Amino acid sequence: MSFWTNKRIEDAVLICEDLCKTYPGLNRPVLDRFCCQIPKGKIIGLLGPNGCGKSTLIKLVTGLLVADRGEIYVDGKRRSEKTNALVSYLPERTYFNNWMRVEELLGFFAEFYEDFDMELARKMLGELQIDTNAKLKALSKGTKEKVQLVLVMARKAKLYLLDEPIAGVDPAARDYILQTIIGNYNPEASVIITTHLIYDIEPVLDEFMFMGFGGKVLLSGVADEVRNEKGKSLDELFRECFRYAPPTETFRR
């Protein structure tokens with residue numbers, strides 16, 4: 001599929017039209033007229049080098065940032081405080097207070113989100129052998145990230161935005177986390193994953209988008225179709241696509 005056509009996709013869970021975002025002190029926009037349409041029921045990899053605007057895009061969709069120009073629609077509705085209830089967001093960094101217990105976080109999510117499935121969350125924590133009575137400060141970085149992912153995936157959202165969901169966990173836990181993502185999201189929803197660990201994540205991707213600097217879409221499509229057409233993995237294609245990109249950039253992610 002193409003992530004952008006002039007004709008709107010009827011079942012798109014996310015539409016971005018001509019998004020522009022510039023940070024003070026930078027001489028180029030992080031996103032420059034970025035456009036995309038994301039259909040329902042897909043797991044999509046948003047892949048690109050640091051500074052290309054992946055995290056900026058996610059923060060615009062969640063309302064953590066405001067676009068300089070452009071429109072965002074979530075499940076057919078213009079982005080607003082109301083559409084925030086349709087989005088489940090996993091930030092790149094853990095944001096919970098270290099003094100909190102896992103049990104307290106469960107209660108917090110249950111109270112704050114009407115779509116939170118407590119039974120599912122406890123089931124996943126049990127499978128990961130995470131003690132719900134433990135304080136976050138007693139957990140390893142990887143375990144904290146697992147807890148945060150469980151809480152995010154236990155919601156019945158329309159759009160899941162996962163920013164580097166497996167970056168801080170050991171390789172042995174990655175398969176479980178990927179299966180958690182596949183098995184626990186609403187089939188009417190879509191999941192957007194940003195990651196640099198393309199080799200690990202690509203088996204679960206339905207579709208993908210390679211994002212270059214300024215939010216330019218360099219390559220996108222159905223993962224299996226592109227792999228068959230090119231005769232290469234997404235990881236190999238990514239390395240080729242960005243082989244000549246500058247090694248350092250001053251842009252924010």
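Helices (H or I, at least four residues) and strands (E, at least two) are DSSP runs here, numbered from the N terminus. This is a predicted model, where local features need pLDDT of at least 70 and side-chain atom pairs count only at pLDDT 80 or more, while totals for chains, interfaces and linings use all residues. Residues are numbered from 1 along each chain as its sequence is written, and side-chain values use heavy atoms, with hydrogens and water left out.

**Stop 1: the whole chain.** Zoom out and you'll have 8 helices and 10 strands on screen. The C-alpha trace spans about 50 × 40 × 40 Å along its principal axes. A compact globule of 253 residues would have a radius of gyration near 18 Å, and this chain agrees because its own value is 18 Å (taken over C-alpha atoms; the globule rule is 2.2 Å times the number of residues to the power 0.38). Buried residues make up 51% of the 253, where buried means under 20% relative accessible area, exposed over 50%, and partly exposed in between (1.4 Å probe, protein chains only).

**Stop 2: D115.** Select D115, in the loop between helix 2 (102-112) and helix 3 (118-127). Is D115 buried or exposed? D115 counts as buried, because its relative accessibility is 17%. Leaving out residues up to four places away in sequence, D115 touches A85, A154, R155, K156 and A157; a contact means heavy atoms within 4.5 Å.

**Stop 3: L125.** Now slide along to L125, which lies in helix 3. L125 has 1% relative accessibility, so L125 counts as buried too. Show its neighbours: beyond four places in sequence, L125 touches V102, L106, I130, T132, V147 and V150.

**Stop 4: strand 4 and its partners.** Colour strand 1 (residues 12-21) and strand 4 (residues 69-74), which run antiparallel and are joined by 5 bridges. Two strands pair if DSSP finds at least two bridges between them. Pick E17 and you'll find E71 of strand 4 standing opposite.

What is the bridge partner of V74 in strand 5? K77 is the partner of V74. Finish at the turn: strand 4 and strand 5 form a hairpin with 2 residues between them, and D75 in that turn has a positive phi of about 55°.
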